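Have the viewer ready and follow along.

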Amino acid sequence: MQSQYLRPDRSGFLAGWPRPALREAKHDVRQAWAAVASRAVESIHNSGWMKGAVDQAVGDTIGNGLKLNPIPDFVACGFSGQDEADDWSRNTAKRWKTYSRNPRECDARGKMTVAAMAKWQLRSHYGFGEGVARTILRKRGNSLTETKIQLLSPLRITQETRDEARLYQGVYLDGDGMAVGYRMKTVQGGLDRTVDLPARDRHGRPLIIHTFDGEADQTRGVSPFAAVLKVFRQVDQLADATLVAALLQTIFAATIKSDSLSEELFEGLTTKDEDGNVSVSGDLAGFFEAKQDWAKGTKLDLGAHGKIAHLFFGEELQFHNTNHPHNNYLPFMRNLLREIARAIGVSYEAMAFDYEGATYSSVRMGIASLWPQVITRREDLSAPFYQAVYDAWLEEQIFKGWIAFPGGYRKFLRVRGAATQAEWRGPAKPTADDLKSAKSMGERLERGVSSLSIECAELGYDWEEVAEQRARESKRCEELGLPDPHAAKGSPLVGRNIERALDEEDEDDKNKDEV
């Protein structure tokens, strides 16, 4: 006996397990990419379960779009202080909102907003394992900006690999493994052509936006459905087999059990005349003639309801049907769907709309367990797409002087990374009980362990926008002679002000009584 991994066991169970070959992830992806992508896309197109799971994952990750929060390094950018950087960030965020919500400004095809394109990128991740787009400079009618985003199918990137050219699955790499170019398939003049496009221009502007999730040495992504394609096939087969069994149970066969002679014995009692006609000889002929006469006057109709059929003596009508041997469809189907939901990163209840047996605690625990995966998808897949679009857009805005920057365009190019830093806020974490969540938020603020910025970010809002909106609403209500809607119980600051005001009123009443 030795203390080691996979030490020999007496049953020989591990010895009969074939040992897979180990190789780099990029080689695994290259071999399986086409097979996995075709099956994953087909599954999403033809399965309500898979389509619903993808919709749920996209909704949890992006919702109605990620919100920009610029956080430039004001020291590196040359701002005089944090206040000037905050003013610059607010102005940039407002201009970005105008650009990102207008399809004619941001989409090369003029059909999608930036949020819609980000959703397409994430859907492409589930089908192909990656999303591809490119930035172009194009003036469209009366659009203000020239920066446009053109979504591309991952099929456009070739699968060509040439080690001597550092080309792996259509991606050119430098000596350190960074993507510096792409070999793309295009149509020019009605003919299919292959072109090489750089990943960025000489100033660092992103030209090809390629997002995927994988290991360090991967150059292309692979669909997360790769781990559950077999399970999905099992779900499909289980549903079809159960449907066939259910249909067979609605089909019946009817036979008549009779004491009459079998075919072989009947042939032995028959005779043939000169013309070859068959007749029954002897006294048995009278029996069959009587039975035949009865059958002519009796109709056996299985489709008539409430009708009693009289059979000839010695005969019995029997019905036969198929029986499904087990009633384990739902438990087995739920187990398969749980495995699919786990691989995709959504809850089983949300994917299957099956909340039978779910409790407040179980739903809350499920949300808490899956929420880090939602944040990871947002940071690794959706935020990089937004960031690349924002990077290209901001360069044009500063170049044309529409957004002022300390030192101008040349300074921006030198400190590009510090100037384009940003946070991308998404939908709030779902809760099983909004009242309890609101009380928890108020408790954290009152005890001083949180801030408005943290709590608003948790809900997907910018705290400064919320504060400005509240101020406008309070001022307008005061002008109209309406009570302040924000001076309500629940806010710790407002609550303390109310308590202080009540104490002052009590003190005034006491003084009046004394007078």
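Does Ser143 count as buried or exposed? I looked up its relative accessibility, which is 2%, so Ser143 counts as buried. (Buried means under 20% relative accessible area, exposed over 50%, and partly exposed in between, with a 1.4 Å probe and protein chains only.)

Before going on, I noted that this is a predicted model, where local features need pLDDT of at least 70, side-chain atom pairs count only at pLDDT 80 or more, and totals for chains, interfaces and linings use all residues. Residues are numbered from 1 along each chain as its sequence is written, and side-chain values use heavy atoms, with hydrogens and water left out.

Entry: around Ser143. I found Ser143 in the loop between strand 2 and strand 3 (147-152). Setting aside neighbours within four places in sequence, I saw Ser143 in contact with Arg104, Glu105 and Lys148; contact means heavy atoms within 4.5 Å.

Entry: strands 2 and 8. Strand 2 (residues 130-137) pairs with strand 8 in the antiparallel sense, over five bridges. Two strands pair if DSSP finds at least two bridges between them.

Entry: I traced four strands in the order 4-5-6-7, with antiparallel pairing. Strand 4 (167-168) and strand 7 (191-198) stand at the edges with a single partner strand each, so one side of each has no neighbour in the sheet. Strand 6 (residues 179-188) and strand 7 pair over eight bridges, in the antiparallel sense. Thr186 has Arg193 in strand 7 as its bridge partner.

Entry: helices 1 and 2. Helix 1 (residues 25-46) packs against helix 2 (residues 48-61) at an angle of about 95°, with the axes 5 Å apart. The axes are lines fitted to C-alpha atoms over the stretch in contact, and angles run from 0 to 180 degrees between N-to-C directions. The two helices are therefore roughly perpendicular to each other, a label that covers 65 to 115 degrees. On the helix 1 side I listed Ser43, Ile44 and Asn46, which meet Gly48, Met50, Lys51 and Val54 in helix 2.

Entry: the whole protein. I counted 18 helices and 13 strands; these are DSSP runs, helices being H or I with at least four residues and strands E with at least two, numbered from the N terminus. Buried residues make up 32% of the 515 residues.

Conventions: Parallel < 35°, antiparallel > 145°, perpendicular 65-115°, else oblique.
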